[in-house]
Structures are given as structure tokens and as C-alpha cells.
Amino acid sequence: MIGVLCILAAFALLGWIYLSQASQVAITGRRVQNLEAQKYQLQEQNLELMAQIAEYESVARLAERAEALGFVRLPLDQVEFLAVVEPQEQTTTLAGASPTQGWWAQVTAQFTAWIQTSSP
Amino acid sequence: MKRIDIPAIEAVETISPPEQADVRPLRRMMFFLAALIGFALLIAAQFVRWQVIERDVLIERLAARDHYYEEIPSPRGLIVDRHQNLLALNNYDFSIEAAPNMIPDRKTREVAAQLAPILGVSADELFNILDGDGLYAQVARHVPREVGKAVIALNIKGIFVRPVAVRIYPEGELAAHLLGFVAGDAEEGSRGYYGVEGFYDQALKGKKGVREGSWNPWTRPVSFADRRAYGWTLPQEGQTLVLTIDRTIQFLIEQELRAAIERYGAESGCIVVMDPKTGALIAAATYPTYDPNRFAETEELRFVDPVIGEQYEPGSTFKVITFAAALDAGVIKPDDVYNDLGYIEVGGRIIKNWDERHYGLVSMTDVLVKSLNTGAAHVSMLLGANRFYYYVNRFGFGHKTGIDLEGEIAGQVRRPGDAEWHESDLGTHAFGQGVAVTPIQLVTAVSAIANRGFLMQPYVVGQLMRADQVASARQVTVRQVIGEQTARTLTEMMVQVVERGATQAQVPGYRIAGKTGTAQVPIVGGYDPSQTVASFVGFAPADDPQFVVLVRLDKPTQSPWGSSTAAPTFANVARILFTQLAIPPDPSQLARGQP
């Protein structure tokens, strides 16, 4: 009698495991499908937004917008290059040099750079 | 006698059922148990039958059934310029489809009336599509997103809205010939045509994914198919192409080309800008062009890129090739004197100067400055046919440059040994008549002069990117065509051309090397007496060339000459490039107070 009950219990357990696993798989599958649908939807939205950004940033539109805002195109023969002399890197203050001397060295370096810069 | 109360329990015992009555429920339970066991055994037996006895038969039967198979499209790679500005990307529109058998009979006309105003077609026309018991009907293709969403909102049974990937070009006509276009959709099998879309079609496409499995009883795909038999392969997205072109420069040069065509009454034209040190294309403007977003409305001939797919006679711009060959072979020096009589006979044919004048004793530099046809023919005769065509071949004429654009042609150069070659060709080819080149060939050849004699393979795609992987294009040095000293000498001669001849190509503050060209237009049986192809090819700054530019204007009506149409256009293009590429003027040139 007990043996029969044990067999029944075993079958019941197996059935329960099978059913719970099957239902879990079905639930997970459904979730995957939903997530996939969500992913595609987001991808489509992303594409749409990218297309909109690209249209707004198109060079023809930017030029048109700039003109509408009052910007004017500089005639190419009026472009002037300004030579900019890079300020020399500050050398470390000599040992024993006072802060005033360091400050003075900096001021003279800046003045030299300014002198060397050609006027526009 | 005292009455004794019988305890309740005893009373119960006295009324308990007989032995036979106790056995009955047990029998019922045993019967139920036996039934259960029998049922369980049946199930177990069925499992054994399915899993063990008939296993192979069932697997075969399952395999024979139609299984679920779906291709997952891979997103096509993007195309961006050198500063990562988008030039081509993906979007989607909608395809409206129907299953007429699913639409209730009485409602077909109602459905047609609902859809008609949204789709912009007549209700009768729609009714004809939807009427009947068909399983599938195509209602509308490539409808805009707004329309698709409006149809989705109606939620009509039997009407399906399917998103379809489409390629869009946000800059419209900008660099259309370089980009090409994509035709077809995911279902029909899309493919890139022309430009980089065509050349890099496989790289842009990526690899489609696949999802396969079984159908459930409701003809829906089973979420988790047997992975041993079926499975999923995720799509591999296409690679992003990073072009070498600069969107802003391309835009400005296209504007300049259109202005020049309008200014000089030309029919068509192109401007090509190349970095001579690497072979990278910086810009390539063409006119007329087309909008790749609307390729279906464009005539097919327009798709051919004139820069790589159309040949023309280069005229006097080809003289720089002749002089490069002669200088490199050591048969001339810049100061060598040539006595120009105004004509020269080559292979029995009389060749005259473009202005039919004679200039007497002139230096070789002056031959180039004054663009004397007789002098160029004289130089090619000094070289001899073998050496002349050897250099023409080394510069890449008559061969494809190998640029990564679909639709390149090789041009045509008749050589000794060819059936159609004539001795007089040596003289006419020297000044660019009777040879057919593509603009990209000429720019590449002149780039070799600007690049110390090294011929670089031109290219448009600088990088290929996928996720975090980046592959940079390999700069290919094809060969050294002429020596460095020859290149320097010829550059100085070309600077003289701009300073003393084609002065309209000058830009104050910069040393520019260049050469004009005015070629007649070949027609059946000879050349058109009135129409020309005006061109100018040059590079700057001459001492450290940063760009090579070819300007070609077809059939200008204001003036037929390259010196008065293409040369000033070159100057404008050069100004754009000096500004955009931040190339400062040469202080020594400013000090000279050049015009």
C-alpha cells in the first residue's frame, strides 16, 4: 500500500515539475517576445529621432538658418589669418629666486610674446 | 434494582456496523487507486512510446512539418563624413497589407471608406483590392510614418501595417555621386548602387540573423524551439563608413561649382579636391546631380559619377604630364630654348598653336606658360613614343585608379601597337588631344607631381567601424613616377604658369602651381568648332602642397578658355580651402605684395 502511494507521489511530483517547468518556459517566452517587441519599437523610435536630428543638422539647413538669424557669409578675400605666438612654457623658478622675480619673469615673457604678435 | 447508565462509547460500540460494512470504503478506495494507477500507467506507457519506441518516427514527422523560419534583417551601416556628420542612415516607412478573407464581407466597403482618405486613394479602388476571399493583398507600399500610424490607430481586422526599412540621405543632393543609393527593401533584397553604397555594399549590409523553430497549434512560433534542431542567429549590423570628405567643404565647393556654371553659362562640370600626400578625396562636386532620396524619379544616366565614370579630352592640362616625362627622362631643362614657328609636323600631320600664332625662341618654361601645342609636340618627339607612353602609363592613364567607388572606367589611350594608333598621335597626345581621361585620373597624376613624384591610390573611405572596432584605410603608394627633383622643377614651372599666364588662378599670399586646359569637344568625324571643355588643375601651397584641385566646366558660353573660366573658379575654390583647412598665407608672398 505504502509502495503504491510512493509511486503515486513520485508521479505527482514529476507531473508538478513538468508542469511548472513548462509554464515557466511559456512565461519566459512570452516575456522575451514582449521585450523583443519593445526593442524593435525603441529601435524604430531611435531611427526616427536620428533621421530628425540629421535633417535638423544638415549643412544646407544650418546655412539657411544662419542667414535667417542675420549672419552673413564673409567674402573669402577678406579672410585674414592672425599669427598667434604660443606663450612659452614657464620654466621652474630658480632655487633661491624670490616670488617677485618669478612674477617679473612671467610679465616679461608675456610682454615679449605680445610684442612678437603681428597686428591684424 | 438500580438502573445503570451505559456510557456513550459503549452505546456507539453497540451500534457499530458489521464487518462487511467496514470493507466497502476500502474497496472503493482501492478501485479508485487502481484506476489512478491504470491511468498513470497509460500515461507512462504513452511517454515510453513517444520517447523510446516511436522516438525516431516522431522526430522524422516533426522534421517533415513546415517549421517557423524568419530572417532578422541587419541594420545597414551608416555613412558619415570625416567629422562624423551623418550622410546616409536608416529609417523606416510602412507597407499596408491586407488579408481580405479576414475582413467580414459586409464591412469591406466600410473598411475601404475608412482607409481611402488616409491613403489618398479612392474608396472604390481600395474596395477592388480588399474585396474577395484572398489570403493576401498589397494595399500600399512605402507610405509615410504618419500615414502608417494613422492606419494602425484604426485597428481594423484584416489590415496589417508592416514597417519597412528605407535608406535616407539627410543632406539631399550633397555628394550624391560619391554616396550612390540603395534600391529595394529588406524583403526584395536591397542593394547599394554606385558610389560607396555600391562599392561597399557587402560591408554596409552586415549579416542577416535567423530565427527558426516550431509552430504551436495556434500557428504562432514556439518561443523556445529545440535549440539542437533550430535556433537563433543574431544579425550582425553593417559597418559604418567614415569618408575622407569634409561635409562643409563639399557644400561650399558644390555652391561654387553651381555659381561658376551659371556665371560662365556652362552646361555641366565638376570640381575634385584631393590630398596629394595621402590620395584622400576631400571633396568632389558634380553638376548636374540628383537626390538619392528620390533616385526612382531620376533618369539612369544621371547616376554615373562624372568624376570616375565619364572620360574627356584633357587638353593642355595634359602638357604637365608630357613635361614631367621629358624632365624626368632628361631630354629637356626649363631653360632650354625652342624655336616656335607656329606649326610643327608630326607623323604627316600639321599641329598649330591654340591661337595660331608663332612665338619664335622661347624657353621650355615659356612653352608651358604660353601653352604652346607645337612646343609640347616637340617635347614628345624628343622623348620618342616608347618613353612618352611609358610615362603616360606610369602616371596611370588608361588604367583604373582603383578608387573605392563603384563605376570607375579606365579612360582611353592609344599606344604604339594598337591598331588605331598613328604616328601623329605622339604629337597630339602631348597636348591632351586624342586621349580620354577621367577627372580622378588627372587629379591623381597631378597629385604625384605635388607629392615628390609618388603616385598615391585615391580613396574615399578613411575608416570602417563596427561597434568598438575601427579599421583604417591603408594609404597605398602605387609607385614613384618621377624623381623628387623633377617634381620640384616642374612645380616651379607650373608656378610660373600661374604667375605669368593663368593669373586669374592666383590667390594673394599663396604660391600656386597649375595649368589651364581648353579642349575641343569631339564629335563624329572631328571636333566641334565652337564648343570647348575648359579646365584648370593646380595645387597649393606650391612649397608644401595641401590640396590638388581640378576644375572642369563643360561647354562654357561666356568664354571658351580655361584661363578665363576654370582658372578664376580654381582661385575661389582655393580660397575656400585655405580658410577651411586653416592654411595660412606665406609671409614672403605677402611681403612681395602680390596682387
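## The helix H1 of chain A

In this predicted model, helix H1 of chain A lies largely in the open, because the number of buried residues among its 55 is one. The helix runs over residues 2–56 of chain A and reaches 79 Å from its first C-alpha to its last, which is close to the 81 Å expected at 1.5 Å a residue.

## Confidence in chain A

Chain A has an average pLDDT of 81, and 83% of its residues score at least 70. Among the elements of chain A, the highest mean pLDDT, 93, belongs to helix H2 (residues 59–68), whereas the lowest, 79, belongs to helix H3 (residues 99–116).

## The contact between the chains

Chain A contributes 22 residues to the contact and chain B contributes 27. On the side of chain B that touches chain A, the elements giving two or more residues are the helices H2 (19–53), H10 (247–263) and H19 (566–580), together with the strands S3 (86–98) and S5 (159–168), each of chain B. Strand S3 of chain B gives the most to this side, with five residues.

By residue class, the side of chain B that touches chain A divides into 16 nonpolar, seven polar and four charged residues.

## The domains of chain B

For chain B, the domain assignment gives domain 1 as residues 76–168 and domain 2 as residues 247–591. The centres of these two domains of chain B, taken over C-alpha atoms, are separated by 51 Å.

Methods
Residues are numbered from 1 along each chain as its sequence is written. Chains are lettered from A and ligands numbered from 1 in the order in which they are written. This is a predicted model: local features need pLDDT of at least 70, side-chain atom pairs count only at pLDDT 80 or more; totals for chains, interfaces and linings use all residues. Two residues are in contact if their C-beta atoms, placed from the backbone, lie within 7 Å. Helices (H or I, at least four residues) and strands (E, at least two) are DSSP runs, numbered from the N terminus. Ala, Val, Leu, Ile, Met, Phe, Trp, Tyr, Cys and Pro count as nonpolar, Asp, Glu, Lys and Arg as charged, and the others, Gly among them, as polar. The expected span of a helix is 1.5 Å times one less than its number of residues. A residue is buried if 20 or more other C-beta atoms lie within 10 Å of its own, exposed if 12 or fewer, and partly exposed in between; C-beta atoms are placed from the backbone. Domain bounds come from an automatic or database domain assignment. pLDDT is the predictor's confidence in each residue, from 0 to 100.
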